[in-house]
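Thank you all for coming. I would like to take you through a few local features of the structure on the screen, and then stop for discussion.

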Amino acid sequence: MERFLEDIKKFGKLRVIEEPLDVNLEIPHVAYIEVKKEDSKVLLFKNPIDKKENRKFNIPVVMNIFANFEITNFILGKHPQKIAKEIQELLEPKTPNSLKEKINTLLTFSKLRKIFPKRTKKRGICQQVIYQGKQVNLDNLPILKTWPKDAGKFITTGQVYTKSLDGKKYNLGLYRIQKLSKNKFIMHWQIHKDGAHFFHEYKKANKKMPVSIAIGGDPLYYWCGQAPLPNGIFELLLYGFIRKQNPTLVKSITNDIYIPYDVDIVIEGYVDPNEFAIEGPFGDHTGYYTPPEEFPVLTVSAITMKKNPYFTATVVGKPPLEDKYMGWATERIFLPLLKTTTPDLIDYHMPENGCFHNLLIAKILPRYKGHSKQIMHALWGVGQMSFLKHAIFVDENAPDLTDYENLTKYILNRLTEKSFLITEGIVDQLDHASYEPLVGGKLGIDATGSTVEKTIKVLSDKQLLEKAKKLDNNILQLKQYFTDTANPITIIKVRKTKPVKQIFNKLKQLKQFLKIVIFVDDYMNDLNNPYMLIWRITNNVDALYDVWIEEIWGVDATSKSNIDGYNREWPEDTHCDKNVIEDLIKKGIINVDKKFLRKYQIIEEEDDEANPKY
Ligand SMILES: Cc1cc2nc3c(=O)[nH]c(=O)nc-3n(C[C@H](O)[C@H](O)[C@H](O)COP(=O)(O)O)c2cc1C
């Protein structure tokens, strides 16, 4: 980590904050705001404190490591597209013709020797200082409390190293870890993840599971932890592949888990398969709090570290955040791997304001009728891609997948009733929209066909609102988007006192003026802010219940409750503490105006009907 910080400093991309700041909210709020800026920087908090506990930490905190595209490229050592090309070449080896090609093929394969982790018997740099048994005290680490309603302090960039019960498989996963006491954590490995799969093996055998959590070191370790590699493939192989250098591992002091020798801090311990605790709530990367749920407990047996370690952390919440850049690299690097199951996939894109698994746009080469739908089913069955809720397919003539304006027009000009496929599948454990946990609706949209005729007459927003209000006075505002296409989108803000389907049914009377209607609540929804609307809408929809393809097409993206037949607890949005933000602005630590705070819905503001902000 030290070397990374030195390099980043040379590029002028490091911001050092000397001011003592609180690990409770202050430090994470600064990072949350920084990463939303155009040219955000890596942050080094030199003097973390805990005001409540009256504690000073002597370990600095580094945040916003994947601060922008440039730094992400720097960490990877090259553009992710180049890494994807190397993977593609490996997957499709060509028969070498010339001597030069033969030598190149040999070189490629000889470089593969570098991907395998190697073990050293020497002490790791991460073991220069060792605390064991009674010396273990997690209070000495500057662990952050990110959000006002978080259950406590969480490690957010912990590289969790585990191995299968038979010792044949190794795993590195990035999971948040909630501090429970001076020597206990709760492990939030979700049910679909490899850490959880290993845990279930130990639980069945009623054996304690060794776990080591590494913090810091080469930031690429951290990125590899979130890479969605299939079960059984150790993420450090990807590290070796990208770095062209064998990762060097050292045995933990008190268990037999191997960790990279050069990380900053290691927390070692055991998970007792019979010890569980309630984890959360935690403000998550969906921008909502995930509700409390039971997860296994880790008892810490040792903490080891470098002499001068850095503690690293990230903030997850409403987009854009650090995972925008991490996710971009993952998206590019995994394209050739995804193509192995869907060869006619040309490209795909998962915008960060669709929280990755909530929205995917794919460009394909359609060869026959139903081809898009075939690929939809394939994606919904591939590893973590199966969490995907909404997938839109276009053909090879469509604009670039990041040219959102023209791409949306292209899509809207090709939709008919037959374009939609609604089915059921697994959803991310964090998904709150599904009417039951873990399974929910999937919406696939096939926009690969030819253009269609416009059948509706476009009114002004004002005229349309007047007509709509006459049908239902719960309709408060509306805004039309893409009125120059065959299927304009009308976003309607409603005061929700009954199921939205009732309002939708009344609106069918306006079918000559409406095609796609999307309903949102009158809370923190600015109809002029499509970036955050996409975030909200894709989060809040379970296509099985909330998408209606009838005379007009409706989407209910409001929050749900028992009036909708939704019997889970609808989670709250993540918001920064207003007083902390105001104080940080006063101190000159952050420098943003109201417009910026509103653009990304950073603090909660009540909507005022007479003068709506949202
Ligand atoms: C910042 C960040 C935090 C994450 N937190 C969690 C988490 O708490 N639990 C979880 O299961 N996955 C979490 N993930 C996603 C996993 O890291 C990701 O799905 C990874 O591929 C899991 O690896 P595995 O399948 O080897 O377990 C997080 C990802 C990021 C980028």
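**Burial, salt bridges and backbone**

Let me begin with Ile 503, which counts as buried because its relative accessibility is 1%, where buried means under 20% relative accessible area, exposed over 50%, and partly exposed in between, with a 1.4 Å probe and protein chains only. Ile 503 is placed in helix α13, residues 500-507, and helices here are DSSP runs of H or I of at least four residues, while strands are runs of E of at least two, both numbered from the N terminus. Please keep in mind that this is a predicted model, in which local features need pLDDT of at least 70 and side-chain atom pairs count only at pLDDT 80 or more, while totals for chains, interfaces and linings use all residues. Residues are numbered from 1 along each chain as its sequence is written, and side-chain values use heavy atoms, with hydrogens and water left out.

Just after α8 comes Lys 244, with a positive phi of about 55°.

Now to the salt bridges, of which a search of the whole structure finds 41, each one being a side-chain nitrogen of Lys or Arg within 4 Å of a carboxyl oxygen of Asp or Glu. Glu 89 and Lys 85 form one of them, at 3.5 Å from N to O, and because these two are four residues apart in helix α4, residues 80-91, they are separated by about one helical turn. Glu 89 counts as partly exposed, at 43% relative accessibility, and Lys 85 as exposed, at 53%.

Which parts of the chain does the pair Glu 417 and Lys 515 link? Their side chains meet in a salt bridge of 3.8 Å, N to O, and the pair links distant parts, with Glu 417 in the loop between α11 and β25 and Lys 515 in the loop between α13 and β29, 98 residues apart. Glu 417 is partly exposed because its relative accessible area is 43%, whereas Lys 515, at 10%, is buried.

Lys 560 and Asp 556 form a further salt bridge, with the closest N and O atoms 3.9 Å apart; Lys 560 is buried at 3% relative accessible area, and Asp 556 is likewise buried at 3%. There is also a network of salt bridges that links Glu 53, Arg 55, Asp 139, Lys 179 and Lys 182.

Turning to the backbone, most residues other than glycine have a negative phi, and most peptide bonds are trans. Against that background, Leu 438 has a positive phi near 75° and lies in the loop between β25 and β26, while Phe 482 has a positive phi of about 55° and sits in the loop between β27 and β28. Leu 438 is partly exposed at 27% relative accessibility, and Phe 482 counts as buried at 19%.

Cis peptide bonds join Gly 280 to Pro 281, with omega about 5°, and Pro 319 to Pro 320, with omega about -5°. Pro 281 is in the loop between β17 and β18, and Pro 320 is in the loop between β21 and α9.

I will stop there and take questions.
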